[in-house]
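Please read the report below alongside the sequence and the model.

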Amino acid sequence: MKQNEKNQSIIQFHKLIKEIAQGKKESLEKFYSSYGRLIYSVAVLVSKSKYLADEIVDDVLVKIWQISSSLENIKNPNGWIYSVTANFAKDKCKKEKHYEEYTDLVQEDKNFDKFIINDEFFSYIAVLNEDEQQIMILRFIQDLSFKRIAKEISKPLSTLTSIYYRALEKLKNKIKF
């Protein structure tokens, strides 16, 4: 994604947040339409539970509604949403006594796409570390380019692709294509 597109994405994010702060429920619905898939994906990944993920999504959206007036200088909306959701999920799991530590993620294969957005995808990437999981979610769930992901998570493109392909290799070994 080009710098101009990234800037547009950030502008749109802040516009929605400003409208949410003004109490516009339709803007919260637009926010959910734009970011709900990312929030849900991170929630499932961390909690390892679709049941808890639904509650986590609700909790994140309620929190955004509550604190929207103080969300002015977020430069990386996808990264911020990832972090907020992961933290909510960890807290929820601790409360539910379902929390387990997780690690590692990376690399691409023709057959890998069939695992995206299903239970198997989340159970497979759960073995990856948080950076690897974030890259996989941004790549496959948000469908971002490597250049855009590198900018989103502030890593050099070469480092990002190295992490990505190493994680894919881990996943290939686990999945046994």
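Ala89 is part of helix 4. Helices (H or I, at least four residues) and strands (E, at least two) are DSSP runs, numbered from the N terminus.

Apart from neighbours within four places in sequence, Ala89 is in contact with Ala43, Val46, Ser47 and Ile56, where contact means heavy atoms within 4.5 Å. Ala89 and Lys48 are 41 residues apart in sequence, and their C-alpha atoms are 9.5 Å apart in space.

## The model as a whole

This is a predicted model, in which local features need pLDDT of at least 70 and side-chain atom pairs count only at pLDDT 80 or more, while totals for chains, interfaces and linings use all residues. Residues are numbered from 1 along each chain as its sequence is written, and side-chain values use heavy atoms, with hydrogens and water left out.

The protein has eight helices and zero strands. Along the sequence, the pattern reads α-α-α-α-α-α-α-α. The protein has 177 residues, of which 46% count as buried. Among contacts between residues at least 6 apart in sequence, 74% join residues at least 24 apart.

## Salt bridges

Side chains of opposite charge can pair when their charged atoms come close. A salt bridge is counted when a side-chain nitrogen of Lys or Arg is within 4 Å of a carboxyl oxygen of Asp or Glu. How many salt bridges does a search of the whole structure find? The search finds seven.

One of the seven salt bridges is formed by Glu55 and Lys92, whose closest N and O atoms are 2.8 Å apart. This pair links distant parts of the chain, 37 residues apart: Glu55 is in helix 3 (residues 50-67) and Lys92 is in helix 4 (residues 77-96). Is each partner buried or exposed, or in between? Glu55 is partly exposed, because its relative accessible area is 22%, whereas Lys92 counts as buried at 16%.

## Two further pairs

Lys155 and Asp131 also meet through their side chains in a salt bridge, at 3.8 Å from N to O. Lys155 is in the loop between helix 7 (146-152) and helix 8 (157-175), and Asp131 is in helix 6 (residues 130-141), so this pair ties together parts that are 24 residues apart in sequence. Lys155 counts as partly exposed, at 25% relative accessibility, and Asp131 counts as partly exposed at 37%.

Arg148 and Glu152 form another salt bridge, with their closest N and O atoms 2.7 Å apart. Both residues lie in helix 7, four residues apart, which is about one turn of the helix. Arg148 and Glu152 are both buried. Elsewhere, salt bridges that share partners join Glu55, Asp59 and Lys92 into one network.

## Helix 2 against helix 6

The axes of helix 2 (residues 25-47) and helix 6 come within 11 Å of each other and cross at roughly 140°. Axes are lines fitted to C-alpha atoms, for helices over the stretch in contact, and angles run from 0 to 180 degrees between N-to-C directions. The two helices are therefore oblique to each other; angles under 35 degrees count as roughly parallel, over 145 as roughly antiparallel, 65 to 115 as roughly perpendicular and the rest as oblique.

Which residues meet where helix 2 and helix 6 are in contact? On helix 2 they are Arg37, Leu38, Ser41, Val42 and Leu45, and on helix 6 they are Gln133, Ile137, Leu138, Phe140 and Ile141. By class, this contact has seven nonpolar, two polar and one charged residues. Ala, Val, Leu, Ile, Met, Phe, Trp, Tyr, Cys and Pro count as nonpolar, Asp, Glu, Lys and Arg as charged, and the others, Gly among them, as polar.

Glu19 is found in helix 1 (residues 3-21). At 15% relative accessibility, this residue counts as buried. Leaving aside neighbours within four places in sequence, Glu19 is in contact with Lys24 and Ser27.

Ser154 lies in the loop between helix 7 and helix 8. Its relative accessible area is 65%, so Ser154 is exposed. Most residues other than glycine have a negative phi. Ser154 has a phi near 55°, a positive value in a residue other than glycine.

Methods
Buried means under 20% relative accessible area, exposed over 50%, partly exposed in between (1.4 Å probe, protein chains only).
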